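Please keep the sequence and the structure at hand while reading.

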Amino acid sequence: MKQTNTFSLLRTIGSPADLRLLPEDQLPRLAHELRDFLVHSVSQSGGHLAAGLGTVELTIALHYVFDTPEDKLVWDVGHQAYPHKILTGRRERLPSIRKKDGLSAFPSREESPYDCFGVGHSSTSISAALGMAIAAALDRRDIHAVAIIGDGGLTGGMAFEALNHAGALDANLLVVLNDNEMSISPNVGALNNYLAKILSGRFYSGVRQGSKQLLKRHMPSVWELARRAEEHVKGMVAPGTLFEELGFNYIGPIDGHDLGTLVTTLRNLRQVPGPRLLHVVTKKGKGYPPAEQDPVAYHGVSSFDPSQECLPKSKPGTPTYTEVFGQWLCDMGEKDRRLLAITPAMREGSGLVEFERRFPDRYFDVGIAEQHAVTLAAGQACEGYRPVVAIYSTFLQRAYDQVIHDVALQNLPVLFAIDRAGLVGPDGPTHAGSFDLSYLRCIPNLVVMAPADENECRQMLYTGFKYPGPAAVRYPRGKGPGVPVAEELTALPIGKGEIRRRGAGIAILAFGSLVYPALEVGEKLDATVANMRFVKPLDEELIVELAKTHALLVTAEENTLIGGAGSGVNQVLQQHLCFNPVLNLGLPDRFLGHGSRDELLALAGLDAEGVLRAVEAFRQRVQSPPMVAVRAGGRQSC
C-alpha cells in the first residue's frame with residue numbers, strides 16, 4: 001500500500017480534544033494517515049492488525065462526537081483498539097506494544113484515562129458500559145457510556161445477559177455492534193445510511209415516542225397495530241427486530257467506513273435517551289489488501305514487510321504443542337469415530353484446522369461461548385461419544401461451573417486439551433493460564449496432567465482420551481524442548497511420575513514445562529529430578545520415597561503457588577508425617593505484565609537460572625543453625 005511518510009495531520013492529534021478541533025472534511029484524510037501509520041508501526045513491532053484496520057473510521061467518529069474521557073468508550077476484547085490508543089496520546093509509544101514495559105495489547109485502566117475498562121476476554125463490554133451508565137444516573141452525571149462489540153463478541157452469552165438487562169432500564173447506553181462479516185451492496189448501503197440518519201434524528205424519535213404514548217393511553221388497539229407495523233417495516237430493511245424486542249432503539253446497518261454517515265448518526269444518537277444499538281458494518285483489514293484478503297492471518301502478526309503481499313513463512317523446526325495436539329487429534333479421530341472436537345471460536349489458535357477439513361461432521365465451533373462448549377461436550381458424552389474440548393487455559397476459567405457440575409459431578413469422559421497454560425508472553429495477564437492447576441486439582445473425579453515435552457503431550461492426550469472419566473492435559477504456548485514425537489500411542493499409568501535424574505541430597509519434583517529447567521539445575525547441583533506428570537492424582541508413593549531419601553525437597557510448576565501442585569505435594573508430606581524442608585517454586589501472587597514468555601519466566605524466577613538461585617539460597621537457609629537444630633530433633637523426614 002502507498003504510505004504517508006509524514007503523517008502530518010495525525011501528528012497534530014495528541015488527544016481526542018485535538019481531534020474535535022478538526023473540520024469534519026479533514027476526517028477522511030486523518031483516517032488515511034491513521035491506517036497507514038497502523039500498518040507501518042505494527043509491521044515493525046508485531047501485534048494485532050486486521051481488527052484495528054477495520055475500526056479506523058469508527059474510532060475517529062466516536063472520539064469526534066463523544067466527549068472522551070468524560071464519556072466512556074468500552075471496547076470489547078480490545079484487538080480493535082490500536083487506533084484508539086493512537087488517538088489518545090500513545091502514538092509514539094505504539095512500537096512498544098506487547099513488549100516488556102511497553103503498551104498493553106488491550107485497553108488498560110492503568111495505562112490511560114481513556115481506557116475506562118480493562119479488557120482481554122470477550123463479551124464484557126455491554127455489561128461494563130451498562131454499569132457505568134447506571135452509576136452516572138445515580139450520581140446525576142450527564143455522560144454517555146458506549147460499548148463497542150463485534151459480531152463475534154455478540155455470540156457470547158454474557159453479551160445477551162447484558163442486553164436483556166439494559167433493555168429493561170432507562171440507562172443512557174449506546175451499543176455499537178461492529179459487524180465485520182456481512183457485506184453491504186452499494187444500493188442497500190445507501191438506503192440504510194439514509195434511513196439511519198432519519199431514524200436516529202431527534203425529531204423522528206421524539207414524534208415516535210410521543211405518538212406511541214398517546215396511542216397507548218387512548219387507543220390501545222391502534223397502538224398495538226402501529227407497533228406491529230413498525231416492526232414489520234423495520235424488519236424488511238434492517239435485522240433489528242431482536243434488539244427492538246429487547247428494548248433497544250435499533251439503528252442500522254450503516255457503512256462503518258463512511259465517516260460522514262458515522263458522525264451524523266452518532267451525533268443524532270447522542271441526543272436520544274435510553275438504550276440504543278447502532279449496527280455498523282466494517283471490513284477487517286480495511287485499506288490494506290493482504291489483510292482484507294486474509295484477515296485471519298493478519299489478526300495477530302509478527303514483524304513483516306508491508307510492501308509484500310504475504311506474511312513471511314515460519315522456518316521449519318520442531319512442532320509447537322498446539323501442532324502436536326492437532327496431529328494427535330487427527331490421528332485419534334481416524335482411529336475412533338466417537339471422537340468429537342469442540343472449540344469456542346479458536347479453530348486456528350487451538351490447532352483444529354486440519355481436523356475440521358478431514359472430519360467436518362465431528363467438528364463443532366460454538367462461537368465465543370465457553371460455558372456452552374463444556375456442557376455441549378457433557379451432553380455428547382452422555383450419549384456414548386468422547387468429546388475433546390480444545391480451549392485456552394484462560395478461557396476455561398469462564399466455564400468453571402460447567403466443568404464441575406456438568407462434567408465432573410457426572411463423571412463423564414470429556415477430555416480438556418488446555419493450550420496456553422502458564423505464561424503466554426505478549427498478550428499479558430488477561431491471557432495467561434496461571435491458575436488452572438489450582439482450580440482443577442480441587443475437583444473430584446478429574447485427572448490433571450502436565451507434559452514435560454512434545455512426545456509426552458501426545459501420550460497424555462491419548463491417556464486422557466482412553467480414561468473412563470473426565471481428564472485434562474495442560475500444555476504451554478509455543479515449542480517444547482524438541483523431543484521427537486513417537487507415532488505410536490501409549491497410555492501412561494494414571495497417577496505415576498518418573499525419575500529423570502538420580503542425585504543426592506536435593507530432590508526437585510517438577511511439573512510440566514519446569515521439568516527441563518529442573519534437569520539443568522539437577523546437573524549443576526547433582527540433585528534428583530522427578531517428572532511428576534500427574535497433578536491429580538499425585539504420585540504419593542514417589543513423593544514419600546523422595547522424602548525418605550533426600551534432605552531437601554523442591555517443587556516447581558508454571559502455575560500460581562497458591563493451591564497449585566506444590567501445595568498438593570505439601571499435603572501429601574503432611575499426611576505421611578514427612579517434615580523435610582520444602583521449597584515451593586511457581587508464579588508469584590500477583591499479575592505479571594506482558595513481554596516475551598522467556599522474559600516473564602525469568603521475572604518469575606522460573607527459568608533455569610532463577611530456579612538454581614532459589615535452590616541454592618534455600619539450601620543455605622536450611623544449613624543455618626536453627627534448621628540444623630530442627631533436623632537434629634528428628635523432624636527432617638518420614
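## Lys85 and helix α5

In this predicted model, and leaving aside neighbours within four places in sequence, Lys85 is in contact with Arg90, Arg91, Ile97, Ser104, Ala105, Phe106, Pro107, Glu111 and Asp115. Lys85 belongs to helix α5, which runs over residues 82-90, and Lys85 counts as buried because its relative accessible area is 0%, where the cut-off for buried is under 20%.

## Binding-site annotations from UniProt

An unreviewed UniProt entry lists Asp151 and Asn180 under "binding site". Asp151 sits in the loop between β3 (145-150) and α7 (157-166), and with a relative accessible area of 23% Asp151 is partly exposed. Asn180, by comparison, is placed in the loop between β4 (173-179) and α8 (186-200) and counts as buried at 16% relative accessibility. When residues up to four places away in sequence are not counted, Asn180 touches Asp151, Thr282 and Lys284.

Under "binding site", the unreviewed UniProt entry also lists His79, Gly120, His121, Ser122, Gly152, Gly153, Asn180, Tyr288 and Glu370. Among them, Gly152 lies in the loop between β3 and α7, and Gly153 is likewise found in the loop between β3 and α7. Gly152 is partly exposed at 32% relative accessibility, whereas Gly153 is buried at 7%. With neighbours within four places in sequence left aside, the contacts of Gly153 are Asp76, Ser122, Ser123, Ala159 and Ile368.

## Ala377 in helix α17

Ala377 is part of helix α17, which covers residues 370-382, and with a relative accessible area of 0% Ala377 is buried. Which residues does Ala377 contact, leaving aside its neighbours within four places in sequence? They are Ile342, Pro387, Val389 and Val414. A further distance relates Ala377 to Leu415: the two residues are 38 residues apart along the chain, and their C-alpha atoms are separated by 9.0 Å.

## Helix α24 and its cover

In helix α24 (residues 565-575), the buried residues are Ala565, Gly566, Ser567, Gly568, Val569, Val572 and Leu573. Their cover includes the helices α20 (436-440) and α23 (540-549), as well as the strands β15 (506-510), β17 (534-536), β18 (552-560) and β19 (582-587). Just after α24, the backbone at Leu577 takes a positive phi of about 55 degrees.

## The packing of α22 and α26

Two packed helices are described by the angle between their axes and the distance between the axes. For helix α22 (residues 515-525) and helix α26 (residues 608-622), the packing angle is about 50 degrees and the axes are 9 Å apart. That angle makes α22 oblique to α26, and the crossing of the two helices is right-handed.

On the side of α22, the residues that take part are Pro517, Glu520, Val521, Lys524 and Leu525, and these meet Ala608, Val611, Leu612, Val615, Glu616 and Arg619 in α26. By residue class, the contact of α22 with α26 divides into seven nonpolar, no polar and four charged residues.

## The chain as a whole

The protein chain contains 27 helices and 19 strands. Of its 638 residues, 55% count as buried. Among the contacts in the chain with a separation of 6 or more, 75% are accounted for by residues 24 or more positions apart.

Definitions and conventions:
Residues numbered from 1 in each chain as written. Predicted model: local features only at pLDDT ≥ 70, side-chain atom pairs only at ≥ 80, totals over all residues. Heavy atoms only, no water. Axes fitted to C-alpha atoms, helices over the stretch in contact; angles between N-to-C directions. Helix = DSSP H or I, 4+ residues; strand = E, 2+ residues; numbered from the N terminus. Parallel < 35°, antiparallel > 145°, perpendicular 65-115°, else oblique. Left-handed = near helix turned anticlockwise from the far one by under 90°. Contact = heavy atoms within 4.5 Å. Nonpolar A, V, L, I, M, F, W, Y, C, P; charged D, E, K, R; others polar. UniProt positions renumbered as here; feature names shortened; annotations may be inferred. Buried < 20%, exposed > 50% of the residue type's maximum accessible area, 1.4 Å probe, protein only.
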